[in-house]
Amino acid sequence: GESTPSVTFSSKRQQQSNFDHDPFKSPAMDAKDIKQIETRLFEIRQSLHQSFPKSAELDKSQSSFSSQNMEFGPIAYQDSVMLMDHRGLTAPTIVTKDIALEEDLTNSRKDDKAVTDYVDQIDTDFSGLIEDFFKIYTSSIKTLDPLEAVKEYEKTCNEHLLMLENAMKKLVPGQRRAKILQEKILELKSEKYTWRLIHSIYKDRLISSEENMDLENPMLNLLVIDWLENNAGDELANFHEKVEYFSRQVCWENTLHDLLFPKPGSPGIAKEMDPDAPIRSGFPLMDLDEEDDARLMKHIFRLVRAGQVSTAQEICLKCGQSWRAATLEGWKMWHDQNLEGVPPNGILYEAKGNPHRDIWKVSCWKLSELANFNRYERALYACLSGNINKIMPVCETWDDYLWAHYKCFVDERVEQEIRSYPRLTRTLVQLPNGYSSDLNPEKIFDALDNSSNETVRYQANCYFPTAQKYIILDNVNDFLSKSIAWIGSNEKSSDALRFLTHVALFLRGIGLNLSDEACDNIIELYVQSAPNAALLYYKVSIYTAALPSQSQISVYAKFLEGIHDKSERQKCLLLGEQAGLDTDAITKAVVINVHQFGRGDVSRNIDITKIISGDISDVDREKIDAIEWMIFNPAQRIEAIKHSNAVMRYFIACRKHSAAREVYAKVPSGSIDLVYKQWKTKAGGSDLPAEDDNAIREFLCIQAYLDAHEAFSEWFQQYYHGKPLEPQTTQLGKRQSVAKIAFEEMTKEYKLELERWERNMEIYSK
């Protein structure tokens, strides 16, 4: 039987385009033929309407697909939604009123919880950047070139960025978590672009310095433009206004159709189809073509902004605007290699570029000044001709403004260079008034800092744009100094501190003349953030090793002060030794830092009760435990004895003899013999140095004093508090025989205890 034709929704523009390119349509169709086609289409629509049951009809009052909300073409079926399947047949989309709201709500909550858990995991794993950066840095120390490390930093940021963007897709826009995650995405994206800038600029600067060239290489300006365009290329994936244009043969298809098939009462439009017709005649294109052109110009400008001029030309050709593609070609310099001589084979080289580039540039400038052009079209030709005032209206961000200024800045420098060499064939066309803007990098960044655009001013004061500014201006010392102040006043600076630390390490690694104080302060801040930034012990030792030797001792000693577990202390010392740190000097510094005695520590008001009790405070406990740092290494045993003597003297002065006894117990037995053996191995039969010998003597004296004090304390306790009390005698009657017997037993026990006490006192008194 006859198959039912399929009908799908289509916009007016699609219908006109499809109708105009119908292969069965005669070029000379008149109104009668068109009427017959419309009648046949109406019959098809009626047959489709009768073929579907009433239940399939869309409830217009309950659905957003109502005809009053959508604009259908003349053949669209407005009572149901037709979707075409893989066979090309249509099927109705049935919308029912019975919706299981409770079930949907439950499923939605489950999905929300899953997304929340996932984002929490992402938020936790965001600190994985610290681990990744550490691995890259340690590799760069051993094998990698510093520039390769920078490239790896950028790659790592990109990997984490993709992870965060995937998490962002699982969130509902506007939620608090979505906003937090979006901030992290923007921050990480800025860091990624900054690493890209560092690699590009310092690669060029290192090559320039090796070739004994001036560091103010003109290529730097081109590198900045390339960097900004590469960043914009990454953002093209988020450009939502990319469209597929319906005609691939001609441009302005709707205007062309109206010219071929004019209708009574149609608005006045351009009567010719050449590119200059709308400007020359003053008549506009059809509204649909104007919309197409506006979107096309925005897309083309975005491509040029991303440095993808060839892609922009391909799209122009695809849309039937080959003349516009040709206008994007005129910037190329003309070069005829044949002027240097005819090749040996006699075949001339092909000349390249635009010999009339000066005329093309002036023409682009004039096009950018035309008020009846779309603003993106004006901006397109403005960036080709260096007309910065016409680029600004379409710029949205700090990056866009920077690109526009640098684009015009480089264009002006190129023109100055070209026109400094006179041409023999003809005189170059004079550049338009207002072309020279007298820009330079410092003025460009000043203009952005004081821009009339509030968004640009805000972004100019953000951390990463500021970093990019100082890197481009080659003023990293000021950047490092200001970054320290910024990090100190900003709570959300952990990731910025990680970035800044590795920048300082990179710049120091390539031998750049930096402020040592600023670099050391940055690394110290990073090491000090260890407890709060997932910076494990082995990482601390590696980063500390990047500091000067004296700073290594103070920084690592400060870090070790916060380690209290004995096994962790041993681990930290081993890691420090593996990293090349002077662990002996570091442990000595730890003990000295902990054993800082103030004048107020020794109380002048001595309480006799504390002679016996000797309460130990938390500070005292830290001083006692600090001796352990010098016990791990046997070579430091004499130092352990010296510092133990100092601490014991302190506690004895404070009448805390029990604390002094604990310090004495920290020094392993046999330490004195070990010291003598070590010295004998080192110096043979010579005597110990006087300082060491005195320390051992003092240690033994303190031992004797503590033993004597302990014995005195026990004697004192026994003499005044340990003497047994004699039972009290009372008048006992004859009938109180039981009480009398008890008294006699108590007296007998008292005499035994008194005898034992007297023997003990005799022992304590010897």
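**Before you start.** This is a predicted model, in which local features need pLDDT of at least 70 and side-chain atom pairs count only at pLDDT 80 or more, while totals for chains, interfaces and linings use all residues. Residues are numbered from 1 along each chain as its sequence is written, and side-chain values use heavy atoms, with hydrogens and water left out.

**Stop 1: α13 and α14.** Select residues 357-368 for helix α13 and 375-385 for helix α14. Helices here are DSSP runs (H or I, at least four residues), numbered from the N terminus. The two axes come within 8 Å and cross at roughly 145 degrees. Axes are lines fitted to C-alpha atoms over the stretch in contact, and angles run from 0 to 180 degrees between N-to-C directions. The crossing of α13 and α14 is left-handed (the near helix is turned anticlockwise from the far one by less than a right angle). Now show side chains: Trp360, Lys361, Cys364, Trp365, Leu367 and Ser368 of α13 meet Arg378, Tyr381, Ala382, Leu384 and Ser385 of α14, where contact means heavy atoms within 4.5 Å. By class, the residues of this contact are 7 nonpolar, 2 polar and 2 charged. Ala, Val, Leu, Ile, Met, Phe, Trp, Tyr, Cys and Pro count as nonpolar, Asp, Glu, Lys and Arg as charged, and the others, Gly among them, as polar.

**Stop 2: α10 and α16.** Next, pick residues 287-305 (helix α10) and 398-419 (helix α16), whose axes come within 12 Å and cross at roughly 75 degrees. That angle makes α10 roughly perpendicular to α16, a label for angles of 65 to 115 degrees. On the α10 side, look for Phe301, Arg302, Val304 and Arg305; on the α16 side, Asp399, Asp400 and Trp403. This contact has 3 nonpolar, no polar and 4 charged residues.

A salt bridge is a side-chain nitrogen of Lys or Arg within 4 Å of a carboxyl oxygen of Asp or Glu. The two residues are separated by about one helical turn because they are 4 residues apart in α16. Glu415 is buried at 4% relative accessibility, whereas Arg419 is partly exposed at 28%. Buried means under 20% relative accessible area, exposed over 50%, and partly exposed in between (1.4 Å probe, protein chains only).

**Stop 3: Gln313.** Is Gln313 buried or exposed? At 14% relative accessibility, Gln313 counts as buried. Gln313 sits in helix α11 (residues 309-318), and beyond its neighbours within four places in sequence, Gln313 touches Ala325, Leu328 and Glu329.

**Stop 4: two loop residues.** Most residues other than glycine have a negative phi. Asp474, in the loop between α19 (463-472) and α20 (476-489), has a positive phi near 55 degrees. Arg655 has a positive phi of about 60 degrees and lies in the loop between α29 (637-653) and α30 (657-666). Asp474 is partly exposed at 35%, and Arg655 is partly exposed at 31%.

Stop 5: How many salt bridges does the structure hold? The count is 38. Finish by selecting Lys151, Glu154, Lys192, Arg196 and Asp234, which are linked in a network of salt bridges.

Notes. Parallel < 35°, antiparallel > 145°, perpendicular 65-115°, else oblique.
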